[in-house]
Amino acid sequence: MSIHDLYLLSPEISLAAVAVMVVLVDLLNGRKSQMSTVAVVGLAIPLFFTVLLWGEISNWWSLIGPQVGEVNGYSLSTLHGTLSVDRFALFFKFLFISSVGIVFLGSYGYVERFPDRRGEFHVLIMISSVGMMLMAAGTELITLYVALELSTLPLVALAAFGGDRRSSEAGMKYLVLGAIASAVLLYGMTLTFGFTGSTNLEMMAVAVGNAANTGSNEFGVPLLAVGVILMVAGFGFKIAVVPFQGWVPDVYEGSPVPVTAFLSVASKAAGFAVIIRVFATTFESIEVDWALLFAGIAALSMTIGNLVAIAQTNIKRLLAYSTIAHAGYMLVGLAAVASRTSDGVSLGTETLLFYLGGYAVTNLAAFFAIIAIMDRTRSELIESFAGMGRRAPWLALALTIALLSLTGIPPTVGFMAKLFVFGAAIKADLAWLVTLGAVNSVISAYFYLRVIRVMYFSEPTLEERTTRVVPLDISVAVTSTAVIGLGLWPYGMLKVASRAVEQLF
């Protein structure tokens with residue numbers, strides 16, 4: 001491995017180094033509060049390297065140094081071509097690092113509940129994020145599988161971090177069901193390797209294209225399709241879509257709230273990053289209607305997620321089914337990508353990336369507001385949020401903004417995200433799926449607005465106030481402002497998403 005390879009891997013290496021720093025602070029310093037500070041401030045290092053690499057690939061630094069990066073759309077690769085350093089991967093690295101930083105801020109007071117394991121909490125999240133960053137950059141099946149395991153195993157420990165029965169059950173369910181999904185994914189990769197003779201995505205694309213163009217290996221093509229479908233099932237567990245969503249409600253309910261927030265955002269983004277790269281690079285030429293497959297999963301996820309959420313009385317379980325429904329909305333964009341229409345492919349991908357970014361800030365805003373409200377109510381039941389519009393008007397407003405965004409009501413980023421994704425699907429001749437998505441958005445308004453009604457129109461059961469946690473207030477303010485800001489001016493992030501997509505096609 002050369003120095004240049006280390007430079008290309010600097011975001012992942014520096015994030016792992018920050019995790020080691022947190023471990024050392026935990027071992028050598030008795031002041032536990034410094035660990036959170038080291039973790040948050042240390043994230044500036046991988047963020048700096050990510051910006052540096054984006055600028056190099058985009059030739060920002062051409063006036064002050066040699067052009068090492070992109071030339072007419074080319075990207076850099078490292079570790080013998082197993083990892084790609086392109087704007088697509090860097091977009092997700094921005095998303096992961098930002099999510100980790102906001103989660104650390106939002107969990108500042110929450111981690112006091114397990115003071116002896118505060119260091120482990122921060123380290124596990126950062127190690128999982130390293131795996132997700134490698135997933136977004138992976139261009140080889142073995143690399144993707146190892147990165148997936150690296151991101152998943154720390155999440156298993158984090159799900160069980162609460163130490164009580166519910167948390168232990170959440171960790172066990174995530175471990176067992178995750179292992180089954182991992183086995184299915186590995187079997188699908190094995191079938192794919194057997195057909196193509198390679199685990200490199202670009203070489204696999206050549207083998208698949210040759211078979212499709214010449215009609216050779218006709219017996220193996222259906223077997224390849226089965227392998228790809230099994231891979232979709234394995235990654236479907238990661239992004240929590242129907243019928244691979246069974247773990248979501250119990251794991252979300254039993255996990256500590258900051259872990260649930262991180263799991264709902266970063267894990268989903270990593271899964272979509274892999275699916276987009278794999279299908280955009282390798283399997284487009286297989287004569288299978290991938291658009292119909294993804295559209296069917298999207299329809300089921302939207303409908304089941306929203307209908308089951310109506311019956312929920314626990315706010316964490318409600319958001320668990322909400323994330324299943326939103327995975328369905330995101331798959332609308334993926335179905336547009338798989339449609340193979342000239343407009344649907346690139347437009348569907350960039351709007352899907354925009355949706356992931358908008359969903360990240362929206363869901364984090366919702367969970368951080370819930371953390372602050374639960375500090376006052378000591379309950380996860382929706383009815384315990386009664387009167388929060390008077391007891392904690394700022395938190396009620398922040399949660400209201402997040403819920404309106406999840407519903408898709410302007411001027412929030414959630415409205416713009418759905419508008420862009422549905423527009424891409426219409427251009428891909430998927431009007432029926434857009435109609436179903438619009439109907440499901442109306443259905444979702446019932447249970448989102450019910451929470452708002454409880455906060456503003458129900459009498460409070462308690463009146464006492466609790467001590468405010470400044471870092472948590474900052475995280476609520478930042479994410480809530482982002483929800484409105486990206487809704488009013490979405491084109492900045494949409495342009496970044498468009499630039500990130502260019503190199504895939």
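Buried here means under 20% relative accessible area. The views below come from a predicted model.

**View 1. A39 is a buried residue of helix α3****.** Helix α3 covers residues 33-42 and contains A39. The relative accessibility of A39 is 0%, so this alanine counts as buried. Which residues does A39 touch, leaving out those up to four places away in sequence? They are V18, V22, F104, H122 and M126. V22 is 17 residues from A39 along the chain. The C-alpha atoms of V22 and A39 are 6.4 Å apart.

**View 2. T400 is a buried residue of helix α17****.** This helix runs over residues 393-407. T400 has a relative accessible area of 11%, so it falls under the 20% limit and is buried. Not counting residues up to four places away in sequence, T400 touches I452, M455 and Y456.

**View 3. F121 and F161 form a tilted aromatic pair****.** The structure holds 15 aromatic pairs, and F121 with F161 is one of them. Their ring centres are 6.0 Å apart, with 55° between the planes. F121 belongs to helix α6 (residues 118-137). F161 sits in the loop between α7 (141-159) and α8 (165-196). The pair therefore ties together parts that are 40 residues apart in sequence. Are these two residues buried or exposed? Both F121 and F161 are buried.

**View 4. Four phenylalanines form a cluster of rings****.** The members are F88, F91, F92 and F96. Ring pairs link them.

**View 5. K418 lies over the face of Y329****.** The distance from K418 to the ring centre of Y329 is 4.2 Å.

**View 6. The largest pocket holds about 370 Å³ of space****.** Its lining counts 18 residues. Nearest the centre of the largest pocket lie F94, L95, S98, V361 and M493. Two or more lining residues come from each of α5 (87-106), α15 (342-377), α20 (470-488) and α21 (491-502). Which element gives the largest share of this lining? It is α5, with six residues. By class, the lining of the largest pocket has 13 nonpolar and five polar residues. No charged residue is part of it.

**View 7. The second largest pocket has a volume of about 320 Å³****.** It is lined by 15 residues. Closest to the centre of the second largest pocket are S84, T139, E202, R277 and T281. The elements that give two or more residues to this lining are β1 (76-78), α9 (201-214) and α12 (257-283). Helix α12 gives the most, with three residues. What is the make-up of the lining of the second largest pocket by class? There are four nonpolar, eight polar and three charged residues.

View 8. The protein has 505 residues, of which 61% count as buried. Take the contacts between residues at least 6 apart in sequence. Of these contacts, 80% join residues at least 24 apart.

Conventions. Residues are numbered from 1 along each chain as its sequence is written. This is a predicted model: local features need pLDDT of at least 70, side-chain atom pairs count only at pLDDT 80 or more; totals for chains, interfaces and linings use all residues. Side-chain values use heavy atoms; hydrogens and water are left out. Rings of Phe, Tyr and Trp (its six-membered ring) pair if their centres lie within 6.5 Å; planes under 30 degrees apart count as stacked, over 60 as edge-to-face and the rest as tilted. Helices (H or I, at least four residues) and strands (E, at least two) are DSSP runs, numbered from the N terminus. Buried means under 20% relative accessible area, exposed over 50%, partly exposed in between (1.4 Å probe, protein chains only). A charge sits over a ring if NZ of Lys or CZ of Arg is within 6 Å of the ring centre and within 35 degrees of the ring normal. On a 1 Å grid over the protein atoms alone, a cavity is a set of points where a 1.4 Å probe fits but cannot get out, and a pocket is an open set with protein on both sides within 12 Å along at least five of seven lines; lining residues have an atom within 4 Å of a point. Grid points are joined across faces, edges and corners, and a volume is the space filled by probe spheres set on the points. Ala, Val, Leu, Ile, Met, Phe, Trp, Tyr, Cys and Pro count as nonpolar, Asp, Glu, Lys and Arg as charged, and the others, Gly among them, as polar. Contact means heavy atoms within 4.5 Å.
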